[in-house]
Amino acid sequence: MFDGYRLLDSQYVLITTEEGVIENIVHINEAGDDVQSFNGILSPGFINCHCHLELSHMKGYIPERTGLTKFVTQIIKNRHFAETEILREIEKAEDEMLKGGIVAVGDICNNNLAAPQKAKGRIWYHNFIEASGFLPQLAEQRFKRSLDFFNEYVKKYSVSVSSISIVPHAPYSVSEELWDKIIHFPGNQLMTIHNQETEGENELFLNRQGEFLDFYQALNMDVSFFKSSGKTSLQTYLSKFLPNQQLILVHNVHTSAEDLDYCHQTVNDQKIYWCLCPNANLYIGGKLPDVDLFIKSHLPVVLGTDSLASNHQLSITAEMRTIQENFPFVKTGQLLGWATINGAKALHRDNILGSFEKGKKPGVVLCEATFSGSRRLL
């Protein structure tokens, strides 16, 4: 059993109510009769800190290893399918997450098509309404669009304002004017951003070179106004966030030790969670983040699946397996901690989810020791 913090041996028994509320963990000698046994690891439900549920209809549509800018271009130009097909694939994708033991999701939203499915309450969501627009003159229009989605979630689907944020898409897609509107939106205390997913992102901010100049040109965008900062993208934008804003930085494929030192020295008051989506990284660019760097730096790591446009499945178990296959020094208990209590803390749900502690209702998942599969028991 993994209780959210450590692995316990088979001499311990989890006690819950029929509704799945945790009552206790006791030694088997104190558990009495009627103890059920399973082969595998009992774990709290998994937390998927980064997903794009609304892109589920694009599974297999974009070839693998195109590189990020070509991938994003394909998403922009080809994401518009028939609404009935989109809704059907959203439901199938949520079914997959539910069966695989995922109990909470940090979901990126560029529209409200997934909202009716989320309203069924089968999985808890924090909805990150994504704002993007690199041209300064578009800031007002793009923010209003995001604000309209925000208000619809709150008013039409009764989503609590504590479980919804307006967030920047990525440093290469948000103007200074749009940054200002996003960061100062009232109640925006839980934030996320795509961070250093490709080397071209750093090249853009370091010296105004690289793949993003071709990307902007392909979209007929005049970016003559843009001046490089001479710093990496992370070191350029991180100070824009306010001290009370908790951050989930996603992907981090090209985050360096120098970037981490910068974070430690300049934003000590901010809580930063580092979200790894290894299968999406392999799908899009064929490269993984330096997992060892984050471990040695003692940073809080969480896991995400990204979307079915960039992944073959929405499975936290599959993400853990990919990490362990490529970084065999990562311990099983450490991976499970990233998938449970760390994710719950990152999404502000650790009062209910993430660990087997009395009074919580985290879900109970049976996970194979090799991370080859999992299923939800409660």
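Select Arg65: this residue is exposed, with a relative accessible area of 57%. (Exposed means over 50%, buried under 20%, partly exposed in between, with a 1.4 Å probe and protein chains only.) Arg65 sits in the loop between β4 (46–51) and α1 (68–78); helices (H or I, at least four residues) and strands (E, at least two) are DSSP runs, numbered from the N terminus. Its phi is near 60°, positive in a residue other than glycine. Most residues other than glycine have a negative phi.

This is a predicted model: local features need pLDDT of at least 70, side-chain atom pairs count only at pLDDT 80 or more, and totals for chains, interfaces and linings use all residues. Residues are numbered from 1 along each chain as its sequence is written, and side-chain values use heavy atoms, leaving out hydrogens and water.

Next, His251. Buried or exposed? His251 is buried, at 0% relative accessible area. It belongs to strand β9 (residues 246–251) and has a positive phi of about 95°.

Now show the aromatic rings. The whole structure holds 17 aromatic pairs. (Rings of Phe, Tyr and Trp, its six-membered ring, pair if their centres lie within 6.5 Å; planes under 30 degrees apart are stacked, over 60 edge-to-face, the rest tilted.) Select Tyr153 and Tyr157: centres 6.3 Å apart, planes at 55°, so the pair is tilted. Go to Phe327 and Phe329: centres 6.0 Å apart, planes at 75°, so edge-to-face. Phe327 is buried at 15%; Phe329 is partly exposed at 43%.

Finish with the cluster that ring pairs build from Phe134, Tyr172, Phe205, Phe212, Phe215, Tyr216, Phe225 and Phe226.
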